[in-house]
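Here is a short note for a colleague who is new to this structure.

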Amino acid sequence: TFYFDTAILLNCLGLNGPEKQASLSELLSLVKNLGGELAYFSHTLVELKTVIGKAADFIDSYEGRGSVIFNARQSGTTRSDLLLAAEKADEALARMGLECRDTPRYFAEYQIDETAFENLLDEELSYLNPRAKEHDINSLRSIYVLRKGASPVSLERCKAVFVTSNGRFANASQEYCKKVETSSEVSPVITDFSLINISWLK
């Protein structure tokens, strides 16, 4: 099962422009045809709705920034349109074959060293919003819970993979996997670019 991050879900909804939406539609189709399942975590849905809601709050303000606001202004999308998109996001994603799954509970047996991973994230990224970092940490530890101690050596044998458009987050996750977990397993986090390439090769 491939769990997608907030930025990718925004692309799925077309809120970052029609080109990115078309590209994501192609990726989703490729993955489904190869037998992969498409999903996202419930905490990602919370973040998604928050991002869209904040874009709605600032769309009519000169202080409004970001790709969602830029594309909304370009396409004539209104504040009301964005608020409706936030409210109906899970329904729209379900029509594309993406299922919202509950974020796994904490299990001591599969718990990651969150402090160590946070330090690696800080080396790679500068978060303007601390909540975004919390969501990223939650996403990584959720994949470890779903894998239940397994160390898959091929993508096909992974029980769960988190897919992100943020290459630096993916790099930090891979470094954590090597340095802290000392594992040669398939990284719990990959980029959508990598997934597109792998899917085409398959």
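1. The model is a predicted one. Its largest pocket holds about 1200 Å³ of space. The lining of this pocket counts 36 residues, and those nearest the centre are Thr-6, Glu-47, Val-51, Asn-129 and Ala-132.

2. Several elements build that lining: α1 (6–12), α3 (42–58), α4 (67–75), α8 (130–147) and β4 (161–164) give at least two residues each. The largest share comes from α3, with 9 residues. Sorted by class, the lining of the largest pocket has 15 polar, 14 nonpolar and 7 charged residues.

3. The second largest pocket has a volume of about 270 Å³. It is lined by 15 residues, with Phe-2, Leu-34, Gly-36, Leu-155 and Glu-156 closest to its centre. Its lining divides into 8 nonpolar, 4 polar and 3 charged residues.

4. Which helix gives the most to the lining of the second largest pocket? Helix α10 (residues 192–201) does, with 3 residues.

5. The buried residues of α10 are Asp-192, Leu-195 and Ser-199. Viewed down the helix axis, these buried residues fall within an arc of 55 degrees, so they line one face of α10. As a rule, an α-helix has 3.6 residues a turn, so residues three or four places apart point the same way.

6. Phe-193, Trp-200 and Leu-201 are exposed on the other side of α10. The cover over the buried residues of α10 includes β1 (2–4), α1, α2 (18–33), β4 and β5 (189–191).

Definitions and conventions:
Residues are numbered from 1 along each chain as its sequence is written. This is a predicted model: local features need pLDDT of at least 70, side-chain atom pairs count only at pLDDT 80 or more; totals for chains, interfaces and linings use all residues. Side-chain values use heavy atoms; hydrogens and water are left out. On a 1 Å grid over the protein atoms alone, a cavity is a set of points where a 1.4 Å probe fits but cannot get out, and a pocket is an open set with protein on both sides within 12 Å along at least five of seven lines; lining residues have an atom within 4 Å of a point. Grid points are joined across faces, edges and corners, and a volume is the space filled by probe spheres set on the points. Helices (H or I, at least four residues) and strands (E, at least two) are DSSP runs, numbered from the N terminus. Ala, Val, Leu, Ile, Met, Phe, Trp, Tyr, Cys and Pro count as nonpolar, Asp, Glu, Lys and Arg as charged, and the others, Gly among them, as polar. Buried means under 20% relative accessible area, exposed over 50%, partly exposed in between (1.4 Å probe, protein chains only). The arc is that of the directions from the helix axis to the C-beta atoms. Contact means heavy atoms within 4.5 Å.
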